[in-house]
Amino acid sequence: MASNSHQEPWFLENGNVRTLSKEMRHGRTHHYMSSSSFRRKSDLKLVSKVPISCLRQLLANLQEVILGTKLFVLFPAIPLAIAAETYGFGRPWVFVLSLLGLTPLAERVSFLTEQIAYYTGPTVGGLLNATCGNATELIIAIFALSEHKIALVKYSLLGSILSNLLLVLGTSLFCGGIANLRREQKYDRRQADVNSLLLLLALLCHLLPTLFRHSGALPELTVVPTIQLSRASSIVMLLAYTAYLVFQLWTHRQLFEAQEESEDGAEDEEEVPVIGFWSGFVWLVGMTIVIALLSEYVVSTIEDASDSWGLSVSFLSIILLPIIGNAAEHAGAIIFAFKNKLDISLGVALGSTTQIAMFVVPLCVVVAWIMGIHMDLDFNILETTSLALSIIATAFTLQDGTSHYMKGLVLLLCYIVIAACFFVSKTPLRQANVVNSGLQMTTKGVLSA
């Protein structure tokens, strides 16, 4: 591997430049590779002339973390959102600015997780990615739970699953097929098979509570068993996700590696951490706090934005929020599809979907259980049917290990139809929350009886 001694060593941990061994590079994931497409190389010549060591390191970190992404132009949306909330500007403006501010933060969390992984090794780095990869969705869901907006939790998580399966994967396959018309596009089907199996398990765990709730029996006879079944299913999904992590990080790690192909060795120049371990950890904590603040703004203003724009909360949560919140990761997957690297694109789309369906959703049920909130896995018939058809369509699309633009077009059209369905749906969030509150009152009454 080429030496990196030409780089200034002062901005790295303990003043030393650390090159990565083959074993440390072994754990680079598709999620990291996708996010890296939005990163910018920083020119630290001017910063290196600062005489004070502490100030020099701070400026270097600021340049790497804040200016080291092509999305840095969206960072001003963060203070603007805080100012709009503080001084009582229009609530829809707070919603829009918060969503725009979340976009670069999600990409920076991926960058900081990768920087920490350089020091901890591939296994711990993989675990960080497995828990922080969808931190935005998880934080938004927890804030919505704290305000007893269970319907919003379900909408936002369902939207993330649908956007990854149909919009991101569909656009990747379509663009990749158009850009590579004269070449047959292939990918490793083994990884897709594992993710498809887990998604079918998640679908079963979502489908059974919905069927049980709508089985025709009296609500008094189905509410409590539905809650209990949902909690049991959530525990099963968390156990399955734990087994999936063992499978991904230890026993079959070679299936999930991101293959970095470079003819001129340009990739090697990026195999050095640009900030120290503790600096990365502090930045990661700080970014998470800002994400939590903006997530709180999103949760508290989404109904005002819905009323102002005449759009249903279900449309904003299921369609708009996932598209903007994960724009960087999604665009990265599409860029790699253009380069005929479908394994990376599939790893991003299916990996994020599996993480949300098998980890974030059941974790929310367990957290709600701890908080004394009766959240179940009944996403209602319309939402559950959309989820089922999306997973089945994706599984059929990926069954032969080859791709062309027609497969991507069909997935995109499926997403457009689902988006149109929720666009014309006008069920207000308040009504959905009233229904959930009524179910919780029924649950408490049955339990007390």
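**Reading helix packing and burial**

Analyst: In this predicted model, helix α5 passes helix α11 in a left-handed crossing.

User: How is the packing of two helices described in general, and at what angle do the axes of α5 and α11 cross?

Analyst: Two packed helices are characterised by the angle between their axes and by the distance separating those axes. Here, the axes of α5 (residues 91–120) and α11 (residues 277–309) come within 7 Å and cross at roughly 155°. Angles over 145 degrees count as roughly antiparallel, and α5 and α11 are therefore roughly antiparallel to each other. The residues of their contact comprise 24 nonpolar, nine polar and three charged.

User: Which residues of helix α4 are buried, and what covers them?

Analyst: An α-helix has 3.6 residues a turn, so residues three or four places apart point the same way. In α4, which spans residues 77–86, the buried residues are A77, I78, A81 and A84. They cover an arc of only 130° around the axis, which places them on the same side of α4. The elements covering the buried residues of α4 include α5 and α11. After α4 comes G88, whose phi is positive, near 70°.

User: Does Q248 count as buried or exposed, and which residues does Q248 touch?

Analyst: Residues under 20% relative accessible area are classed as buried. Q248 lies in helix α10 (residues 219–251) and, at 16% relative accessibility, therefore counts as buried. Leaving aside residues up to four places away in sequence, Q248 touches R253 and F256.

Notes:
Residues numbered from 1 in each chain as written. Predicted model: local features only at pLDDT ≥ 70, side-chain atom pairs only at ≥ 80, totals over all residues. Heavy atoms only, no water. Axes fitted to C-alpha atoms, helices over the stretch in contact; angles between N-to-C directions. Helix = DSSP H or I, 4+ residues; strand = E, 2+ residues; numbered from the N terminus. Parallel < 35°, antiparallel > 145°, perpendicular 65-115°, else oblique. Left-handed = near helix turned anticlockwise from the far one by under 90°. Nonpolar A, V, L, I, M, F, W, Y, C, P; charged D, E, K, R; others polar. Buried < 20%, exposed > 50% of the residue type's maximum accessible area, 1.4 Å probe, protein only. Arc of directions from axis to C-beta. Contact = heavy atoms within 4.5 Å.
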